[in-house]
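User: I would like to understand how the labels used for a protein model follow from their cut-offs. Please take me through some of them, one at a time.

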Amino acid sequence: MWKENLYQPVEILLREHDTFPIGEHQHSFFEMAYILEGTGNFVVNSVNGGKEHHNYCAADLCLIPPNRVHLFRICSHSRYLFIRFTENYVTDYINRYAEGALDIQAGYCIRFQQSDAEMLHSLIGLIVREVSEKKMMSDYLLNCYVNSVIVLAVRNLSTSAPEHDNADSSKAQYMLKYIRQHIHQPELLKLNIVAEKFHLSPTYAGRFFKRNFGEDFKQYIQKSRLKTVEDMLV
């Protein structure tokens, strides 16, 4: 399975296809795909091993978190604006809450409230114009527009996401946040320590983590440490 990496904090791509050139793939960063034109199907693997299918059309915004296997199937000629950004970019330029909110369990075509949809449409138009006609200070303006798109997505995610058990979902997100905060402190990331902090038995904590994130607890810690080293090297 091909996995793509991003070697800069943000990348913006304009693409159009009759047949999407890549099959199932994943990447190590967030990606938002705004549909400028066309129709098709957005397919993404969820953490429990199932697949979600979302029909897309013009003005839809699809969000793909890191490491989610996904693909686009085109029904009619499609034009896309891809906005790609690292996890660290969200934390550094917006805030940690936004990073946590974007780290959804699968992938979504986000349905925006009417007023926010109009704002998003305007921002996308500004981004397309700046990318197509690069001028002085374009990079600065693009960063401002991209940040605004991310914030709008975060604001509308709560009304787009499927229903989950709220208590479990909140505990899972806090657990993930705890792991990220202490990724350089291995003594605080032993399963029994994490279980005690979240008032779970060590046995249940392991099952709880795998149920919510589809991955073994220790394996996730190891991958997170490797990813941190990767980011530092980049």
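Predicted model: local features only at pLDDT ≥ 70, side-chain atom pairs only at ≥ 80, totals over all residues.

User: Where does Ala59 lie, and what makes Ala59 partly exposed?

Analyst: Ala59 is found in the loop between strand E5 (51–56) and strand E6 (61–64), where helices (H or I, at least four residues) and strands (E, at least two) are DSSP runs numbered from the N terminus. The relative accessible area of Ala59 is 46%; buried means under 20%, exposed means over 50%, and partly exposed is what lies in between (1.4 Å probe, protein chains only), so Ala59 is called partly exposed. The phi of Ala59, near 85°, is a positive value in a residue other than glycine.

User: Why is Met137 called exposed?

Analyst: Met137 has a relative accessible area of 52%, and exposed applies over 50%, so Met137 is called exposed. Met137 sits in the loop between H3 and H4, and Met137 has a positive phi of about 70° although it is not a glycine.

User: Why does Gln26 count as buried, and which residues is Gln26 in contact with?

Analyst: The relative accessible area of Gln26 is 16%, and the limit for buried is under 20%, so Gln26 counts as buried. Gln26 belongs to strand E3 (residues 26–27). Leaving aside neighbours within four places in sequence, the residues in contact with Gln26 (heavy atoms within 4.5 Å) include Met1, Trp2, Asn67 and His70.

User: What makes Arg155 and Asp116 a salt bridge?

Analyst: A salt bridge is a side-chain nitrogen of Lys or Arg within 4 Å of a carboxyl oxygen of Asp or Glu. The closest N and O atoms of Arg155 and Asp116 are 2.7 Å apart, and therefore the pair qualifies under that limit. This pair links distant parts of the chain, with Arg155 in helix H4 (residues 138–160) and Asp116 in helix H3 (residues 114–132), 39 residues apart.

User: How do you know that the side chains of Arg79 and Glu37 meet in a salt bridge?

Analyst: The distance from N to O is 3.8 Å for Arg79 and Glu37, which is within the limit of 4 Å, so the pair counts. Arg79 lies in strand E7 (residues 70–85) and Glu37 in strand E4 (residues 30–45), 42 residues apart. Arg79 is partly exposed at 28% relative accessibility, and Glu37 is partly exposed at 35%.

User: How many salt bridges does a search of the whole structure find?

Analyst: The search finds nine salt bridges. Glu4, Glu11, Glu31 and Arg84 are linked in a network of them. The side chains of Lys134 and Asp139 also meet in a salt bridge, at 3.2 Å from N to O; Lys134 is exposed at 53%, and Asp139 is exposed at 52%.

User: How do you know that the span of H3 agrees with what its 19 residues should give?

Analyst: The expected span of a helix is 1.5 Å times one less than its number of residues. For the 19 residues of H3 this should come to 27 Å, and the end C-alpha atoms are 27 Å apart, which agrees.

User: Which residues of H3 are buried, and what puts them on the same side of H3?

Analyst: Asp116, Leu120, Leu123, Ile124, Ile127, Val128 and Glu130 are buried in H3. They cover an arc of only 165° around the axis, taken from the directions from the helix axis to the C-beta atoms, and that puts them on the same side of H3. The face turned away from this buried side carries the exposed residues Gln114, His121 and Ser132.

User: What is the largest nonpolar core made of?

Analyst: A nonpolar core is a set of buried Ala, Val, Leu, Ile, Met, Phe, Trp, Tyr and Cys residues joined through side-chain atoms within 4.5 Å. The largest has 31 residues, and those with the most contacts inside it are Met32, Phe85, Leu102 and Ile127. H4 gives the most to this core, with nine residues.

Technical notes. Residues numbered from 1 in each chain as written. Heavy atoms only, no water.
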